[in-house]
Amino acid sequence: MGYFRAKARNQVGAETSETLSVATVTLAARPSTATPNVTAVGVSSVQVQWTSNGNPAGTEHLIHASTAADWTGGADVVSGWGVGFSTDVAGLGSNTTYYFQVKARNSGGLQTLFTAVAATATLAARPGAPAGSSFTAVE
């Protein structure tokens, strides 16, 4: 957060008094890709991480997961705003490729554009026994 005061001066050098101190916040930087960018993969969830790119502690982030590389998939998942540099994205379909992007928001509520940070497939679900099947012990 930065503070400043202002005053004006005309062409003959007469000045006004200074304004009261005014505070402002800087824009957040777009998050950047971490290595590794995916730290855990499950059947219906993926843990994604990114770096701050110089943003201060307390900067909030929002994750968007999509089944389409251009983030227009029908099975999109959007997280809520949260602090930190990783999140578990849950509610995903099994054995499906997802693309992840993240954006930041400063303390004044101004948001950055999204940054693509990862792509991975969730694990396949464990198959169950076929319907109507039975097993008989063999001696």
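## Overall shape

A compact globule of 139 residues would have a radius of gyration near 14 Å, but this protein chain comes out at 25 Å. (That radius is taken over C-alpha atoms, and the globule rule is 2.2 Å times the number of residues to the power 0.38.) The C-alpha atoms fill a box of roughly 110 × 25 × 25 Å along the principal axes.

Before going on, keep in mind that this is a predicted model: local features need pLDDT of at least 70, side-chain atom pairs count only at pLDDT 80 or more, and totals for chains, interfaces and linings use all residues. Residues are numbered from 1 along each chain as its sequence is written, and side-chain values use heavy atoms, with hydrogens and water left out.

## Strands along the chain

Now for contacts, meaning heavy atoms within 4.5 Å. Take those in the protein chain with a separation of 6 or more: 54% of them are between residues 24 or more positions apart.

## Surface and charge

The accessible surface comes to about 8,900 Å², and carbon and sulfur atoms own 54% of that. Areas like this come from the Shrake-Rupley method with a 1.4 Å probe; for residues, only the protein chains shown count as cover. Buried residues make up 24% of the 139. The labels work like this: buried means under 20% relative accessible area, exposed over 50%, and partly exposed in between (1.4 Å probe, protein chains only).

As for charge, the chain has 7 positive and 7 negative side chains, and the centres of the two sets lie 14 Å apart. Lys and Arg count as positive and Asp and Glu as negative, while His and the chain ends are not counted. Each charge is placed at NZ of Lys, CZ of Arg, CG of Asp or CD of Glu.

## The nonpolar core

Which residues of the largest nonpolar core touch the most other members? Among its 13 residues, they are Val48, Leu92, Phe100 and Val117. Strands S4 (45-51), S5 (60-66), S9 (97-105) and S10 (115-121) each supply at least two residues of this core. A nonpolar core is a set of buried Ala, Val, Leu, Ile, Met, Phe, Trp, Tyr and Cys residues joined through side-chain atoms within 4.5 Å.

Leaving out residues up to four places away in sequence, Leu92 touches Val43, Ser44, Ser45, Val46, Ala65, Val77, Tyr98, Phe100 and Thr122.

Lys7 sits in the loop between strand S1 (2-4) and strand S2 (22-24), and is partly exposed at 47% relative accessible area. Its C-alpha atom is 5.9 Å from that of Ser17, 10 residues apart along the chain.

Asn53 is in the loop between S4 and S5 and is partly exposed at 43%. Asn95 lies in the loop between strand S8 (86-90) and S9, and counts as exposed at 57%. Another thing to look for is the cis peptide bond joining Thr35 and Pro36, with omega about -5°; Pro36 is in strand S3 (residues 32-41).

Notes. Helices (H or I, at least four residues) and strands (E, at least two) are DSSP runs, numbered from the N terminus.
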